[in-house]
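Here's a walk through a few salt bridges, helices and side-chain contacts. Have the model open and follow along.

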Amino acid sequence: MTAFRVLSLIPPMTQLNTPYPSTAYLTGFLRSETGRTVGEVDAQQADLALALVLRLFSRQGLSEIRREIEKIPKKQRSHQVQHFMLNFDHYDATIAPTIAFLQGSDSTLAHRIASRNFLPEGARFAPIDAYTVDDNDDPLAWAFGALGTQDRARHLATMYLNDLSDVIREAIDARFEFVRYAESLAMSQPTFEPLARALAEPHNLVDATLHALTLAEIEKHQPDLVLISVPFPGAVYAAFRIAQSIRGQFPAIKIALGGGFVNTELRELAEPRVFDYFDFVTLDDGERPLLAMIEHLKGKRSAQRLVRTFVRADPAIPPFEKGGLGGISTPLDQSNDLNSAEIPPNPPVCPVGSVKGEAKVQYLNWPEPDVPFNDVGTPTWDGLPITRYLSLLDMLNPMHRLWSDGRWNKLTIAHGCYWKKCSFCDITLDYISRYETTTAEMLVDRIEAIIAETGQTGFHFVDEAAPPKILKALAEELLRRKVSISWWGNIRFEKSFTPELCQLLADSGCIAISGGLEVASDRLLTLMKKGVSVDQVARVTYGFAEAGILVHAYLMYGFPTQTVQDTVDALEYVRQLFENGCIQSGFFHRFACTVHSPVGKNPEEYGVELIPLPKVTFAKNDVGFIDKTPIDHDLMGCGLNKALYNFMHGIGLDEDVRAWFDTKVPRTSVSRHFVSRALQQN
């Protein structure tokens with residue numbers, strides 16, 4: 001019997017340094033013993049986000065960009081675009097070796113890149129030279145010293161790619177970003193209309209490139225079912241473009257949409273036009289819905305027994321006729337080499353399918369238990385080009401760089417959150433509320449299997465909050481088996497993390513942790529049910545730092561009832577944490593109220609009033625609110641972020657925090673020795 005073929009796709013844009021883990025999880029599950037209960041399944045995966053970037057940022061890609069720019073009158077070209085055209089030969093000569101360097105396959109090029117005589121330099125390099133006092137100064141010496149050639153070169157090469165990204169955005173596709181690609185079309189959009197209009201537009205070069213790459217993967221794998229996992233709003237537009245391409249050329253293939261964006265924002269989906277592109281839209285963990293879907297497609301289960309799945313009740317007529325887009329076949333190189341997929345000079349436009357009659361969206365949820373965390377199998381990166389990912393270095397802070405530098409094996413050590421009380425968090429949703437663990441022995445089994453497959457010993461544990469008890473058991477098991485890895489992950493700064501436990505984690509390979517300090521105010525930490533205090537966070541983070549583990553703090557401003565005084569005091573706490581070596585990195589997020597959080601569910605308990613949402617048929621997540629506290633959070637946020645950026649680079653730690661704000665603010669009420677005294681209580 002022929003195996004049922006499933007292809008899982010990562011859409012642009014997610015990450016460039018390492019594969020986003022969703023397809024690795026699903027592919028590993030389908031190849032596991034539990035996944036095979038539905039019969040023989042041939043599970044494959046591909047990363048179209050990486051493929052798109054590697055195609056655009058190649059000699060061929062730059063030539064195609066130049067051809068598109070030549071259609072723009074010179075007077076209408078931005079300064080960055082003009083710089084690219086004037087220096088095209090320089091870019092053409094350097095793009096291939098620079099990509100190879102960022103992929104780790106040509107390390108000796110670092111010396112030429114670091115010299116600053118190799119790469120053309122556009123607007124993204126200007127901030128570097130702002131540090132220069134005279135012509136003899138080295139503006140990056142403060143970051144890299146006399147050594148650090150590899151990191152210096154990686155930072156310069158990253159800015160080089162950012163320059164080219166700006167060219168694409170300013171001349172080809174105004175929505176283009178390495179991370180937040182066209183996210184405004186999807187993020188909390190109540191209707192499908194903005195996305196529908198964008199999808200009806202003619203292909204630009206980025207769309208056409210993605211179209212060709214998509215069809216190359218379909219030709220290569222010939223799947224019966226395509227799974228497209230969308231973790232963020234910045235991957236939604238490309239996901240629909242991918243589905244549009246498949247629909248137009250291969251209408252018999254079934255397509256399913258899932259992932260983090262769907263799980264949070266499409267829970268009340270009522271837009272039939274979504275199903276012009278997708279046959280199924282699934283919620284929450286994908287394993288059980290996927291098994292039910294495969295059984296249904298194999299004729300072994302009725303549609304009414306699908307699990308957590310949206311469908312269109314009236315399938316209508318397929319929106320794209322067989323035979324390609326508008327009857328035009330897109331030529332593909334038969335070698336299936338993604339970089340050789342030919343792009344038509346004037347790619348045809350995919351029409352938006354019409355909905356016949358009274359087609360409606362139907363949610364089907366046959367009651368079946370989720371696949372236990374013990375049985376989900378081991379993620380696999382088989383099929384992904386793990387040697388071709390790009391290690392980028394945007395931020396020079398040693399902790400901050402971990403998100404974009406290096407290829408990390410992503411692994412979950414526990415499902416959900418063991419605390420699940422924070423009032424700003426989506427604690428009503430499955431990815432938070434359903435807490436499940438497994439044994440340390442099984443976790444290390446999975447770690448060893450992943451190392452054997454990838455040859456990589458770096459791990460990023462992607463839990464909402466890794467439990468101290470399980471981390472302790474995991475560390476002991478790693479040490480017992482003499483498995484040497486480097487790992488980092490997210491935790492809660494709770495007192496269970498004693499200095500002794502911090503040292504044990506460091507001995508097991510922990511290099512960094514991140515956790516939420518949020519508003520750095522005991523009053524507000526209590527209101528948000530965070531379960532920690534500022535002095536406790538100081539002691540816990542110091543314990544990690546003393547063990548040689550880097551610490552990143554998630555920070556927040558704009559929480560309901562937060563005052564100017566609260567904000568100034570919070571920045572003073574943060575300053576002292578940096579000054580005392582407790583944290584090395586941080587990021588201030590503006591509080592956003594979601595409909596799934598306790599604040600969104602019970603706003604009166606937090607002293608705010610929700611702004612009524614319009615009728616929602618598509619995405620629903622963020623909700624505006626009215627807080628009568630007299631404060632301009634936008635203005636305060638500018639000061640907070642400016643201060644934090646400098647703190648991360650060791651600058652201004654002895655300054656009065658009021659100096660960072662562009663408006664008059666009160667003196668902090670926090671003692672300048674608060675953190676140092678808290679540390680003495682250890």
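What follows looks at charged pairs to begin with, then at helices and their packing.

Keep in mind that this is a predicted model. Residue numbers count from 1 along the chain as its sequence is written.

**Charged pairs**

How many salt bridges does the structure hold? There are 44 of them.

| Pair | N to O distance |
|---|---|
| E64 and R55 | 3.2 Å |
| E177 and R169 | 3.8 Å |
| R288 and E368 | 3.9 Å |

Let's start with R288 and E368, whose closest N and O atoms sit 3.9 Å apart. This pair ties together distant parts of the chain, 80 residues apart: R288 belongs to helix α14 (residues 287-297), while E368 is in the loop between β7 (361-364) and β8 (409-411). Are these two buried or partly exposed? R288 has a relative accessible area of 19%, so it counts as buried, the cut-off being under 20%. E368 comes out at 21% relative accessibility, so it counts as partly exposed.

Now for the other two pairs. E64 and R55 join their side chains in a salt bridge, and both residues are buried. E177 pairs with R169, and E177 is partly exposed because its relative accessible area is 33%.

Salt bridges also join up into a network, which links D285, R308, D370, D430, R434 and E436.

**A buried aspartate**

D276 is worth a click. You'll find D276 in the loop between α13 (260-265) and β5 (280-282). With a relative accessible area of 0%, D276 is buried. What does its side chain touch? The side chain of D276 makes a polar contact with the side chain of R312, at 2.8 Å.

**Helix α11**

Helix α11 runs over residues 205-221, 17 residues in total. From first C-alpha to last, α11 reaches 25 Å, close to the 24 Å expected at 1.5 Å a residue. The helix is mostly covered, with 15 of its 17 residues buried. Just after α11 comes Q222, with a positive phi of about 45°.

**Helix α23**

Among the buried residues of α23 are H633, M636, L640, L644 and F647. What covers the buried residues of α23 includes β14 (550-557), α21 (564-579) and β15 (585-590). At the start of α23, D632 has a side-chain oxygen that reaches to within 3.1 Å of the backbone nitrogen of D634. Following α23 is G650, where phi is positive, near 75°.

**Where α4 meets α9**

A packed pair of helices is described by the angle and the distance between the axes. For helix α4 (residues 79-86) and helix α9 (residues 149-171), the axes come within 9 Å and cross at roughly 115°. The crossing is left-handed. Which residues make the contact? From α4 come Q80, V81 and F84, and from α9 come D163, L164, D166, V167, E170 and A171.

Key: This is a predicted model: local features need pLDDT of at least 70, side-chain atom pairs count only at pLDDT 80 or more; totals for chains, interfaces and linings use all residues. Side-chain values use heavy atoms; hydrogens and water are left out. A salt bridge is a side-chain nitrogen of Lys or Arg within 4 Å of a carboxyl oxygen of Asp or Glu. Buried means under 20% relative accessible area, exposed over 50%, partly exposed in between (1.4 Å probe, protein chains only). Helices (H or I, at least four residues) and strands (E, at least two) are DSSP runs, numbered from the N terminus. The expected span of a helix is 1.5 Å times one less than its number of residues. Axes are lines fitted to C-alpha atoms, for helices over the stretch in contact, and angles run from 0 to 180 degrees between N-to-C directions. A crossing is left-handed if the near helix is turned anticlockwise from the far one by less than a right angle, and right-handed if clockwise. Contact means heavy atoms within 4.5 Å. A polar contact is a pair of N or O atoms within 3.5 Å; within protein, one must be able to donate a hydrogen and the other to accept it, and residues adjacent in sequence count only if both atoms are side-chain atoms.
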